[in-house]
Amino acid sequence: MLIIMRLDADRSDVERVKGKIKLLGYLPHEIPGEERLAIGITGNKGKVDPELFLTLPGVLEAIPVTKPFKLVSRDAHPAGTIVKVEGAGPLGGKELAVIAGPCSVESRQQIIEIAWMLKEMGIKFLRGGAYKPRTSPYSFQGYKADALEFLKEAKEVTGMRIVTEVKDTETLPIVAECADVLQVGARNMQNYSLLEAVGAQKKPVLLKRGFAATIEEFLMAAEYILYAGNLNVILCERGIRTFETSTRNTLDLNSIPIIRKLCHLPIIVDPSHGIGVWDGVSAMSMAAVAAGADGLIIEVHPDPSAALSDGYQSLKPSTFKALLERLEQLAPIMERTLTLSHAEVS
Ligand code: PEP
Ligand code: MN
């Protein structure tokens, strides 16, 4: 059940509703929006009687939620969540977010060099893995704590905001100290301890879809994070596993309109892992924006042939720049803006 408060409801009205929810033995969750405030109810086993709330001052509506996910459901926040990252502009809303950088942080020089190149193109979010959960234990596992230090330095000198993956709960404190946005990778989408832990802290979370996860499982994973108290979640479609073998994954762009209808969280697309070959990345980036994605996360490497991970799907800076020019043309057709400048977007 979602209790929707009237525009003129005041704090005491909200507290009264929350008090009643607790009295019934359930949990209240505030989901604020620009236009209204919703209070989600969880912990109920059966139906909650809407009449219990409709008579309280300040209550506009009581909406039963029929889906298994409640706090992420579009009903809770019809206008859509916009995640704000100070110094880098919003994720969600009209503005297209572009996150770019190498798969892995490989050296101090590599990450600072690419950070400057991307900054000059007007990009505000730098990606780069420090802790890499790899399919094989023999593959490069990331430079871990050293890589976090290089990312911090790249942020300090360029002002770019950092998106980096958190692999487990043990390293969450040090990764969160460096990251502006914490990435939870596809392999960890159903690591419930990690979801609870990133939900219990304040940094925004970029949650990638598991490669064998249905849309509903994906949304339930996001529900864990909101349930734990963190409303700043960005979803990321990165492709799923199918019978197709000529691409690394099958980029499920169907999920974009479906998730937009079901869920209020911003959704971005990772075309790099989605197709897995560099010369398909630009086409799938354009397709993602045309499908309604709120942004992109793209692997860009100063020298893809020398990359320690995912070089074959990484764009050279020049190819990425050409893609940005095409995205700038596409944005207005999709009623979006793409602000590629050093000016801060608010
Ligand atoms: C990555 O972003 O480099 C990555 C490992 O992605 P995913 O978790 O989607 O495989
Ligand atoms: Mn990668």
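The model is predicted. His273 belongs to helix H9 (residues 271–275) and Asp310 to the loop between strand S14 (295–299) and helix H11 (317–333), so the two tie together parts 37 residues apart in sequence. Both His273 and Asp310 are buried.

The salt bridges number 19. One of them joins the side chains of Arg11 and Glu30, with 2.9 Å from N to O. Because Arg11 lies in helix H1 (residues 11–23) and Glu30 in strand S2 (residues 27–32), this pair ties together parts that are 19 residues apart in sequence. Arg11 is partly exposed at 45% relative accessible area, and Glu30 is partly exposed at 23%. Arg11 and Glu30 also belong to a network of salt bridges with Glu15 and Lys18.

Two further pairs each sit within a helix. Arg16 and Asp13 form a salt bridge of 3.0 Å, N to O; they are three residues apart in helix H1, or about one helical turn. Arg16 is partly exposed, at 36% relative accessible area, whereas Asp13 is buried, at 11%. In helix H11, Lys321 and Glu325 are four residues apart, again about one helical turn. The closest N and O atoms of their salt bridge are 4.0 Å apart. Lys321 is partly exposed at 42% relative accessibility, and Glu325 is partly exposed at 43%.

Definitions and conventions
Residues are numbered from 1 along each chain as its sequence is written. Chains are lettered from A and ligands numbered from 1 in the order in which they are written. This is a predicted model: local features need pLDDT of at least 70, side-chain atom pairs count only at pLDDT 80 or more; totals for chains, interfaces and linings use all residues. Side-chain values use heavy atoms; hydrogens and water are left out. Buried means under 20% relative accessible area, exposed over 50%, partly exposed in between (1.4 Å probe, protein chains only).
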